[in-house]
Amino acid sequence: MKTIILVRHSIPEKVNIENENIPLSKEGIEKAKEFLKFNFDYLYSSTYLRAYQTAQVLSCEIVHDERLIERLIGDKDTANKKQWKMQYDNHDYKNKNGESLNEVKQRMSACIQDVLMSMKDNETSIVVSHATSICSYLLNVCDIQVTNEKDKIRRIIFKDKVVLEGRIQKPSCFIIYYDHDEIIDVFYME
């Protein structure tokens, strides 16, 4: 069995800069230190600063992977909460110049498959990414329903088990167990 811990980055600063350059807030750094107390063999991170800084709390030996970045939103003038729900109703929906959940699922799945291939049995890898990218990957085995678009509340179900009913917190994680590189169980932890 192999374990991948898919971590959503900690709390970012509220700043109006390019998405990939948003740093963690002081509170985010402290929360990451409190939350991230896992034993692991390998550590991977999105190249976005807030994810990288979350990973730095664990180790300085981090493998960066562009495939772990957040979903590219595209035209910000058309991005809104209605669009957020539409992407879960239609996984091929995307904003102009943006990515669909299916496109993100494809790159995330390729990355996770590479991580799994590099692991031996009984090893654990931590992968630090972003909420929508993590959800896109989970679409491989989970049903994800929007239950409240205004507050971005999701219900994530794996094999008739509700894994999450609510918001994906910062930081939080999905612990995924694999047997012969097939997902056998998923848990959510705040």
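Reader: Is strand E8 enclosed or open, and why?
Author: Largely enclosed by the rest of the structure, because six of the eight residues of E8 (residues 172-179) are buried. Buried means under 20% relative accessible area, exposed over 50%, partly exposed in between, with a 1.4 Å probe and protein chains only. Strands are DSSP runs of at least two residues (E), helices runs of at least four (H or I), numbered from the N terminus.

Reader: Before we go on, what kind of model is this?
Author: This is a predicted model: local features need pLDDT of at least 70, side-chain atom pairs count only at pLDDT 80 or more, and totals for chains, interfaces and linings use all residues. Residues are numbered from 1 along each chain as its sequence is written, and side-chain values use heavy atoms, with hydrogens and water left out.

Reader: OK. How do E1 and E8 pair, parallel or antiparallel?
Author: Antiparallel, over seven bridges, with E1 covering residues 2-8. Two strands pair if DSSP finds at least two bridges between them. Ile4 sits opposite Ile176 of E8.

Reader: And E8 with E9?
Author: Antiparallel again, over seven bridges; E9 spans residues 182-189. Ile175 faces Phe187 in E9 across that pairing.

Reader: Where does parallel pairing come in?
Author: Between E1 and E4 (residues 124-129), over six bridges. Leu6 has Val127 in E4 as its bridge partner.

Reader: Switching topic. Where is Ser136?
Author: In helix H5, residues 131-138. Ser136 has 0% relative accessibility, so it counts as buried.

Reader: What does Ser136 touch, sequence neighbours aside?
Author: Leu101, Val104 and Lys105, once neighbours within four places in sequence are left aside. Contact means heavy atoms within 4.5 Å.

Reader: Last one, Gly74. Which loop holds Gly74?
Author: The loop between E3 and helix H3 (81-89). Gly74 counts as partly exposed because its relative accessibility is 26%.

Reader: How far is Gly74 from Lys94?
Author: 8.1 Å in space, C-alpha to C-alpha, and 20 residues in sequence. Neighbours within four places aside, Gly74 is in contact with Lys96, Asn97 and Gly98.
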